[in-house]
Structure formats: structure tokens, C-alpha cells
Amino acid sequence: MTINEIQDEIISEFEMLGEWMDKYEYIIQLGKELPSMDESLKTDDRLIKGCQSRVWLHADYSDGLLKFTADSDALITKGLVALLVRVLSGHAPQQIAEAEIYFIEKIGLQNHLSPTRANGLLSMLKQMKLYAVALAAQNKL
Amino acid sequence: MENGTAHTPLLKDIAQVRQLFPILQSSVYGKPLVYFDNGATTQKPLQVIEAMDTYYRETNSNVHRGVHYLSGKATDAFEAVRKKVQRFLNAAQEHEIIYTSGTTAAINLVASSFGKKYVLPGDTIIISSIEHHANIVPWQMMAEERGASLKIIPMLPNGDLDMEAYESYLDDKVKLVAVNYVSNALGTVNPIEKIIELAHRNQIPVLIDAAQAVQHMPVDVQQLDVDFLVFSGHKMYGPTGIGVLYGKEKYLDAMPPFMGGGEMIQTVTFEKTTYQKLPFKFEAGTPAIAEVIGLGAAIDFIESIGIEAINRYETELLAYLIEALKSIPGLRFVGEPEKRAGVVSFLIGQHHPFDVGEILDKQGIAVRTGHHCAEPLMRIFNVPGTVRASVALYNTKEEVDVLVRGLRRAADMLG
């Protein structure tokens with residue numbers, strides 16, 4: 001599936017959920033299901049510091065695909081981290097670099113991408129893109 | 001602007017008090033707003049909103065310099081509030097009241113100006129481990145500049161200050177003690193009478209950060225014999241952008257100006273400028289005039305109810321809140337001070353405060369989550385932050401019940 005197909009899939013999953021509580025319960029469940037990152041990987045260079053919650057991001061590049069693993073100390077953030085990983089992980093750097101992330105707004109969680117929220121999610125998305133842009137540029141050389 | 005006794009609201013008629021706050025009639029996400037983030041800022045009553053509105057409609061002019069009618073009117077209103085603040089704090093003299101933009105600015109003023117006058121290399125400033133960043137960083141900056149150092153009064157496990165340690169720190173190297181009256185993160189009411197008395201025995205002046213105190217309890221600077229006391233307007237039902245520095249004349253007179261500019265000068269030549277007397281020496285530039293008027297209206301509002309009545313009501317409400325929180329499985333308090341005002345900090349099980357806060361938000365309940373600008377304190381407790389509920393005179397027991405139900409729901413959802 002392409003990045004946008006996955007985003008659309010998530011949006012329709014959320015459309016089936018009724019009020020905010022169901023959406024949050026689903027996100028929390030995703031957060032619980034996302035395997036915790038190995039403690040040895042939770043190093044400062046992988047830490048994306050937010051004022052409220054912390055996010056760790058690890059990137060692997062092999063066979064032309066960029067793969068992400070991530071974690072957060074807050075459950076709702078971790079659920080959204082899981083969704084971002086589901087959308088962006090396992091694609092070519094060029095595709096990730098060019099991707100436009102719209103599903104978070106469509107499912108009504110756009111406040112999590114607000115810089116004032118300072119929960120690390122926006123910084124994580126930027127960091128994912130940075131990895132992709134750097135690798136895409138390298139590939140062009 | 002005038003004293004609001006015309007519609008004196010009685011606290012026993014809380015519905016009537018709530019009617020005075022337009023924002024309390026609003027809904028968020030379709031649910032009635034339940035506002036428990038008063039430690040961050042309180043909501044504003046109509047008197048304050050209307051006083052500022054009326055000022056801009058009818059009085060707006062610059063103060064202290066105009067020859068014309070409006071300037072005189074604005075200056076009178078502006079200076080009348082200074083008298084009001086003087087009375088509110090029971091300060092000995094009007095010119096001991098300095099307008100600042102808030103608590104942070106007031107502390108920075110003292111740190112910089114007092115530091116220049118009195119602090120030498122090797123000297124010490126005492127602060128405590130339960131301070132807001134605003135009462136830590138200005139002292140660090142000053143200490144670094146002056147070659148001085150900070151001593152930090154440790155905290156007992158319950159969130160009270162270790163007074164024995166404090167006493168042992170007081171020696172002739174200490175130039176100032178700066179502590180809060182009430183901790184914004186824990187709600188601890190510090191024994192400032194004792195803190196001041198012990199410091200004074202060693203001829204050391206004391207600054208009290210009363211940002212979380214003046215809205216909850218009577219504060220009498222002469223009775224406390226405090227040397228500096230600071231607070232913000234916006235945490236006591238007034239506007240943002242205005243705060244107060246109270247300082248004893250003998251210190252304020254001796255201290256150099258903090259900022260230079262208009263209003264604070266007597267004569268200016270390119271060779272030498274002489275400064276105005278108090279309070280203007282410390283009020284460079286055009287002040288926040290409408291905000292000062294708003295602060296005056298906020299004091300009128302508080303006095304129309306009575307600070308003692310507010311204190312009694314809030315103490316009862318806080319006790320009810322704490323008992324209600326105890327009914328939530330897995331809830332633990334962060335800080336259980338002997339004496340508490342305004343604030344309760346807690347965590348539920350292993351749930352991240354941010355998650356709890358977000359689920360409360362979706363139910364229309366506003367609390368604060370995070371480190372409350374007290375990172376060193378959070379490190380001592382070894383928590384990423386807390387959930388903080390803070391009360392104001394308009395909160396009700398029914399709202400406490402909504403909060404508790406909301407917390408139970410959050411705990412259920414986070415499992």
C-alpha cells in the first residue's frame with residue numbers, strides 16, 4: 001500500500017468509531033499494542049524531547065526502505081506514534097520525504113501536531129522526514 | 001472601576017458569583033466548562049472586563065505627563081489603584097508599590113537591582129527546592145554575574161520545607177532569602193513568618209513570591225515585616241501583563257534603577273541622568289495603564305466578597321476535593337503538605353499525567369499537567385510531572401464531583 005492508501009485506511013477506521021471516547025479508546029489500544037522499544041535503544045540521541053511527553057525514534061535503512069520504530073512514555077502519544085509508524089515506515093525515502101500527512105487532522109487529533117502542545121509528536125514527524133530527505137538526497141548522488 | 005459593593009456577591013450564593021464570570025457560562029466540546037486551572041490563571045469577572053473596556057472608551061491617555069484633561073483623569077485612576085494595592089497589602093507607604101508586568105518581572109527587577117547594590121563575589125542567596133522557575137532562574141543569572149552562589153532549602157518527603165536545614169544556612173554570606181508563600185506545584189503553604197523572623201535575626205532581607213497566595217489568603221506586609229513581596233494580577237482575577245513589587249522603602253531607595261527610559265528620570269543630559277523618586281524610578285516607559293485599572297477592579301472584586309470569606313470557602317472546597325480524590329483507586333498525591341492552599345498535585349497509578357489531562361479535557365475539564373515550571377522539584381519526586389487541580393472562589397463541590405467522575409473515566413480508559 002502507498003502512504004496515502006494507508007492514511008485513507010486509518011481515516012475510514014476512525015469514521016466507524018462514534019464519539020471522541022471510542023476514538024481515544026482505539027488510540028490507547030494502539031498505544032498498548034505497539035511493542036515497547038528496547039531500553040537499550042532509548043538513548044538520548046533517539047529522544048525527541050517534548051515539554052509534556054517524550055518520544056523515542058529509531059530509524060533503519062535496508063533494501064532501499066526506511067523503517068521506523070518508536071515509543072513514547074504517554075499512552076495517547078504512543079498510539080499516535082504507532083499510527084505514524086504504520087503510515088511512514090517501510091517506504092522508500094523519496095516517498096516518505098514527499099508524503100503529506102493529513103490523517104491526523106482528518107481523525108480530529110490535529111491538536112497533537114500543534115507546536116504549543118509540545119508533546120513530541122510534531123518533532124517526531126519532522127525527524128522522520130529529515131531521515132528520509134537525507135537518505136533521498138544521498139541516493140541521488 | 002469604582003468599588004463593586006453595589007452588587008456584593010456572597011459566597012454562599014455561589015451561583016450568583018459564577019454569573020459574574022462570562023467564561024464560566026461557556027461549553028467546551030459540548031460540555032459545560034469545568035475550570036480547575038486557576039493556579040495558571042484565574043478567569044475574569046465582569047467588573048474587571050468592564051473596567052478595562054470603560055477605560056479605553058472613556059479615559060485612555062498617557063499618564064503622568066499630559067497637560068490635558070484625559071491625561072489627568074488617566075493619571076488619577078492609575079495612581080488610585082496604587083493606593084488600593086497599598087491598602088490591599090497594608091503597605092506603610094504608597095511609593096513602596098511598584099507596578100511590574102508580573103511576578104517574573106518583579107523578581108527579575110529585584111535580582112538585578114538588589115544584586116548590583118548588595119551582592120559581592122562569594123555571597124549566597126537562599127531559595128528553596130519547591131520554587132517556580134521564576135524564583136530560580138533570575139537568582140541563578142544574578143549569582144553567575146556577581147560571582148555569588150545559591151543555597152537551596154531542601155524539602156521534606158511530604159513537600160514541606162526542611163526548616164532545620166534552612167536555619168543552618170543562615171550566615172553572614174547570605175544576602176537575601178527568596179521563597180514562595182505557596183508552592184504552585186504542591187500547594188505547600190510555607191511558614192514565611194518563621195522564615196522571615198529567622199532571616200531577620202541575621203539581618204538578612206527576605207523576598208516572598210506571593211503569586212499563589214494573595215488570591216487565597218490575607219497578606220499584610222507590615223505584619224509579616226517582609227522586605228519584598230511580589231505577585232501577578234492575572235492569578236487574582238485581574239488582567240495579564242500587570243504585577244506588583246512591594247519593597248521596603250529603605251531597600252528600594254538604595255537600589256539602582258532596573259530599566260532606563262522615560263518616566264523614571266528627573267533630568268537627562270548626555271553626560272549624566274538623575275533619576276526620579278520612588279516608585280517612578282522603577283517604572284520606565286509607558287506602563288500597562290488599562291491593566292492597572294483592571295487590577296484595581298480585581299482588588300475591588302476580591303474585597304467585595306472579602307478575602308477571609310474566600311479563604312474559608314476555598315479551604316472547605318479544597319478539603320472536599322482531597323477527600324473526593326482519595327476515593328479514586330490508585331491515586332497518589334504528589335506533596336501532602338501540613339498546610340495547603342489552592343493547589344492539589346497527583347498521579348493515578350502509572351498513567352502519564354498528559355494522558356489523564358487529555359481525557360479530562362475532552363470532558364470539558366481544564367487542569368494543568370506537566371512539571372508546572374518546577375522541573376527540579378519533579379526530579380526530586382522522580383515523576384515526569386503531575387496532574388494539578390487548582391481552585392478559585394467560583395469553583396463548586398459539584399464541579400469537584402465532575403472532576404472525580406472524569407478522573408475515574410480516564411483511569412478506566414487508560415486501563
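Two residues are counted as being in contact when their C-beta atoms, placed from the backbone, lie within 7 Å. With this criterion in hand, the reader may turn to the structure, which is a predicted model.

The contact between the chains comes first. It takes 13 residues from chain A and eleven residues from chain B. On the side of chain A that touches chain B, two helices, α2 (20-33) and α3 (75-88), each supply at least two residues. Of these helices, α2(A) provides the largest share of that side, namely four residues. Sorted by class, the side of chain A that touches chain B consists of seven nonpolar, four polar and two charged residues.

Where the domains meet, 24 residues of domain 1 of chain B are in contact with 23 residues of domain 2 of chain B.

Which elements of chain B each supply at least two residues of the side of domain 1 that touches domain 2? They are α11 (307-326), β14 (343-348) and α13 (375-381) of chain B. The helix α11(B) gives the most to this side of domain 1, with five residues. By class, the side of domain 1 of chain B that touches domain 2 of chain B holds twelve nonpolar, six polar and six charged residues.

Notes
Residues numbered from 1 in each chain as written. Chains lettered and ligands numbered in written order. Predicted model: local features only at pLDDT ≥ 70, side-chain atom pairs only at ≥ 80, totals over all residues. Nonpolar A, V, L, I, M, F, W, Y, C, P; charged D, E, K, R; others polar.
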